[in-house]
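These are my notebook entries on a single protein chain. I list what I looked up, topic by topic.

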Amino acid sequence: MDATRRVTAVLGPTNTGKTHHAIERMLAHRTGVIGLPLRLLAREVYDRIVAKVGPSVVALVTGEERIVPDRTQYWVCTTEAMPLEIGADFVAVDEIQLCADADRGHVFTDRLLRARGLNETLFLGSDTMRGAIAGLVPHVTFLKRDRMSTLKYAGSKKISRMPERSAIVGFSVENVYAIAELIRRQKGGCAVVMGALSPRTRNAQVALYQNGDVDYLVATDAIGMGLNLDIKHVAFSATAKFDGRRMRGLYPQELAQIAGRAGRHTEDGTFGVTGEVRPFDEDTVEAIETHRFQPVKKLHWRNESMDFGSADRLIRSLETPTFNDWLTRARDADDVLALKALSALPEVQDKLTEPKRVQLLWDVCRIPDFRSSTGPEHTTLLTRIFEFLVGRGLGGGRIPSDWLATAIKRIDKTEGDIDTLSRRLAYIRTWTYVTQRKNWVEDETHWREETRAVEDRLSDALHAALTQRFVDRRTSVLLRRLKQKEALVAEVNDKGEVTVEGEFAGRLEGFRFKQDASATPDGAKTLAQAALQALKPEFHLRADRFYNAPDTELDFTEQGGLMWGTNAVGKLVKGAEPAKPTVEAFVDEEAGPEVVEKVRRRLQHFIDRKVAAQFEPLLNMSRDETLTGLARGFAFRLSEAMGVLPRDAVAAEVKELDQDARGALRKHGVRFGQFTVFLPLLLKPAPTRLRLVLWSLWNGLQEFPESPPPGLVTIPNVAEVPKMHYTLAGYHPAGARAIRIDMLERLADILRQKDSRAGFEATPDMLSITGMTLDQFADLMGGLGYKGEKAERPKVKAEAPKAPEISEEAAAAIAAGVPIPEEVSILAPAPEPEPEAAPEMESFYTFTWAPKPRPRPERGPRPERKEGEGQRAPRGDRPQGERPQGDRPKREGQGDRPRHDGQKHDRPKGDRRDDRKGGKPNRDDRQKSFEARPPRQEKPIDPDNPFAALLALKGKV
């Protein structure tokens, strides 16, 4: 052997820098070729070399990709695609131990035996190949490289306890997806790397891991072939795989190849198992840690000298045995099986008329079955392609462009789930491989670019689908920022949506953060931690805005909540007095005590001012020092009730009030109604709403009664609602409905003028006040203690006066302009009366006072009374109607009760002075009333008054 053509075997475990050494040696030569076991690894090495010397001199050749510049010096290829005839100065083959692989071993063995550089050849691989290489390659030099870091066994770990920067290895797509889904739920997400991925998808997934967006990688054994990743721990989720023929356990050297990905460069790494995998035995652990394995005894080989004389001769040449002790004939690979299947078809046999066609059939059979299809599907596709290439029909020795375009168009769809996109990507890889073959398609450049563009689109869609399914990007981004201890940037938009580092985290409702419910259970804690840390400055800014906000931006709810706009910021809490509640602020603990106190103070100021404004009449009355004695006590009682008291509940106190006390209270707006004592200003909607909330809060109700809509005179009377709730709302229950207190007192004023003993009918004024129909009014009167008797009578209709009609003779004379003769009657004769129709009937009610009897206490026997003792004088001819009631100066021995025709009736008491100032009756009331007051002093007559003369005659006529 020429001494200048040296052959070196660089052997050692993983993480020894063998691939890096080969790249450096190749770049030291003018030309070079390096063969790599995977398309993914070839792309990685290509990118590294391009970064050093530029793309103009570097070629990338794989089964589905071909980038060959005009001035190519360095070729980066998959092992199958290595050009052996170009005469490069340097040749290297990586992972040479794959010579022992049952499926692809014959390719690596062929490169070991035949691939040589003009100046230097390198074989890179495991030390288990030392004996085989020494026996097959003469004058080889061995270079041993030791691992740059230590690899230790870490035992079994659950997925939930897997350390960061870990790779979990599976050996099926289903297993990989299941683990990735589990990690997403528990750890926020992971990257997925499989051999079936396109380089574009794989690089995008690796970037997720390398950039720190995720801390976990789920992969097949593809990562064992030279992919250099920042992995600290490798966990095996399975130790058996399907090798294309059967399920078998992984050999220790195969486990070591994958486990060796942990601990790159000088950083130590660990390996172990996870899930239901049994822990490794001591011998396996020792072999992996010390890198000592059984040497390779046999290399898979296939005859490279093929006979294309016929299909049978080609098959026999491929099945040629070997007699070398280091070699064993490889089992039939997919290309040989396809050749046997196609050559048995009659339509194919008829076309194998010359060696070139047999060679073409062999090239067609070498199209990889990327789809892993079963049955005749792959064979049918290969048959169709072969028929096109041999010139059948319109093919013309090429695959028809329209047929190829249709096939690609069916694949060029980026919608669908992961499995659908992966299947389409496998299909397009087939057409990418086909278009890379020389002279197979018309316009090769166009179709290569077209299939590459479709593959890129599908790769991007698959990467997006993988990321969407297996990566909670929000959680992963926040985790990375938290680990780096960087200041997180939070933004809150007008809708309260919180984004942290551009990722949606939740909503800031007032001063409480409500995180996004779609976060994973394990990611929720991270999300809350990151969001609250980033929101600390926002809490202070928002507290300042809240403290300076006007009261118009704040409000309270009917259940005692405190709102700032649409956000709940606190609630009312029972205080020392009914009208002095305290507040509780709704602020996240992470905001800090300063924010909590600022919000609490602002809410307290708001509710104090709200009470002072709405209950101003009550507060003025409580501060009036002129109120003394019974009046002051009654004012206190009214303040406790927040301005509304049922009359029957304070009847005794009202009796004890003299006219001076009542007058003092009336100055503050107190009205002594027949049914209720109240302040009319406090019946408005705003004070009513506040009164219900404060009363419910003081009495510890779990659910507060709501105030009726404003403007309603009556509302339904629900039996389950306590009467006190109606009173606080400003209504008095009566029958099926409850009537507003002030309107009820107006109605009572009208009723006091009626003769309730003889009976009276409802007037339009009564119905107008209540806004009811006659039947509804009758029910209301029944609730007030009146009995209504319904009857019918003919309805009296007001007839409009008819203008007299002129007779025909008079009308003719007027039309002719002549005088009407005396004998002619001017008016037309009266029409004959029409027969009377049945009168229209109308209903009416007659109301009489019929209160429910009150239970009277039992009394002892009354003492006999002497004749004439204690008897009243006859009333004479006093009016029999009811006298208007009101507060009058009491005569000695006379109580506060009304008198009706000398009979005692149990009617509610009223205070007429509320609507009749100075005790005067209304102008519409024509009934005179008499009061005991001094005579009015006459004023002197003004002599300048034009009516002075008439006034002087007053009293003289």
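What percentage of the 957 residues in the protein chain is buried? I find that buried residues make up 46% of them. I note at the outset that this is a predicted model.

**Entry 1. The chain as a whole**

I counted 30 helices and 34 strands in the protein chain. I then turned to the contacts with a separation of 6 or more: 67% of these are between residues 24 or more positions apart.

**Entry 2. An open sheet**

I traced an open sheet of eight strands with mixed pairing. Its strand order reads S4-S3-S5-S2-S6-S7-S1-S8. Which strands stand at the edges? They are S4 (66–67) and S8 (140–144); each has a single partner strand, so one side of each lacks a neighbour in the sheet. Within the sheet I examined S3 (residues 58–61) and S5 (residues 74–78), which run parallel and are joined by four bridges. Ala-59 has Trp-75 of S5 as its bridge partner.

**Entry 3. Strand S24 and its two hairpins**

S23 pairs with S24 in the antiparallel sense over three bridges, and Leu-554 has Trp-564 of S24 as its bridge partner. These two strands form a hairpin with four residues between them. In that turn, Gly-560 has a positive phi of about 90°.

S24 is also joined to S25, by four bridges and again antiparallel. Here Trp-564 has Asn-567 of S25 as its bridge partner. The hairpin of S24 and S25 has two residues between the strands, and Gly-565 takes a positive phi near 70°.

Is one face of S24 covered or are both? Both are covered: Gly-561 and Met-563 are buried on one side, and Leu-562 and Trp-564 are buried on the other. I recall here that side chains in a regular strand alternate between the two faces of the sheet.

**Entry 4. Helix H12**

I listed the buried residues of helix H12 (residues 355–365): Val-358, Leu-360, Leu-361, Trp-362, Val-364 and Cys-365. Against which helices do the buried residues of H12 pack? I find H9 (311–318), H10 (334–343), H11 (346–349) and H13 (377–389).

**Entry 5. Aromatic pairs**

My search of the whole structure gave 16 aromatic pairs. One of them is formed by Phe-388 and Trp-403, whose ring centres are 5.0 Å apart with the planes at 55°, so I class the pair as tilted. Phe-388 lies in helix H13 and Trp-403 in helix H14 (residues 401–411), so the pair ties together parts that are 15 residues apart in sequence. Phe-388 is buried because its relative accessible area is 11%, under the 20% cut-off. Trp-403 has a relative accessible area of 22% and is therefore partly exposed.

I then took up Tyr-786 and Trp-849, an edge-to-face pair with 4.9 Å centre to centre and 70° between the planes. This pair links distant parts of the chain, with Tyr-786 in strand S33 (residues 786–794) and Trp-849 in strand S34, 63 residues apart. Both Tyr-786 and Trp-849 are buried. They belong to one aromatic cluster, together with Phe-760, Phe-777, Tyr-845 and Phe-847.

**Entry 6. Met-841 in strand S34**

I located Met-841 in strand S34. Is Met-841 buried or partly exposed? Its relative accessible area is 42%, so Met-841 is partly exposed. Leaving aside neighbours within four places in sequence, I find Met-841 in contact with Glu-792, Arg-793, Pro-794 and Lys-795. Met-841 and Arg-793 are 48 residues apart in sequence, while their C-alpha atoms are 5.3 Å apart in space.

**Entry 7. A nonpolar surface patch**

Which residues make the nonpolar surface patch of about 260 Å²? They are Ile-806, Ile-814 and Ile-820. I placed Ile-820 in the loop between helix H29 (808–816) and strand S34 (841–849). Ile-820 has a relative accessible area of 32% and is therefore partly exposed.

Definitions and conventions: Residues are numbered from 1 along each chain as its sequence is written. This is a predicted model: local features need pLDDT of at least 70, side-chain atom pairs count only at pLDDT 80 or more; totals for chains, interfaces and linings use all residues. Side-chain values use heavy atoms; hydrogens and water are left out. Buried means under 20% relative accessible area, exposed over 50%, partly exposed in between (1.4 Å probe, protein chains only). Two strands pair if DSSP finds at least two bridges between them. Patches are made of residues with over 30% relative accessible area and no salt bridge: like charges are joined within 9 Å, nonpolar side chains (Val, Leu, Ile, Met, Phe, Trp, Tyr) within 5 Å. Accessible areas come from the Shrake-Rupley method with a 1.4 Å probe; for residues, only the protein chains shown count as cover. A salt bridge is a side-chain nitrogen of Lys or Arg within 4 Å of a carboxyl oxygen of Asp or Glu. Contact means heavy atoms within 4.5 Å. Rings of Phe, Tyr and Trp (its six-membered ring) pair if their centres lie within 6.5 Å; planes under 30 degrees apart count as stacked, over 60 as edge-to-face and the rest as tilted.
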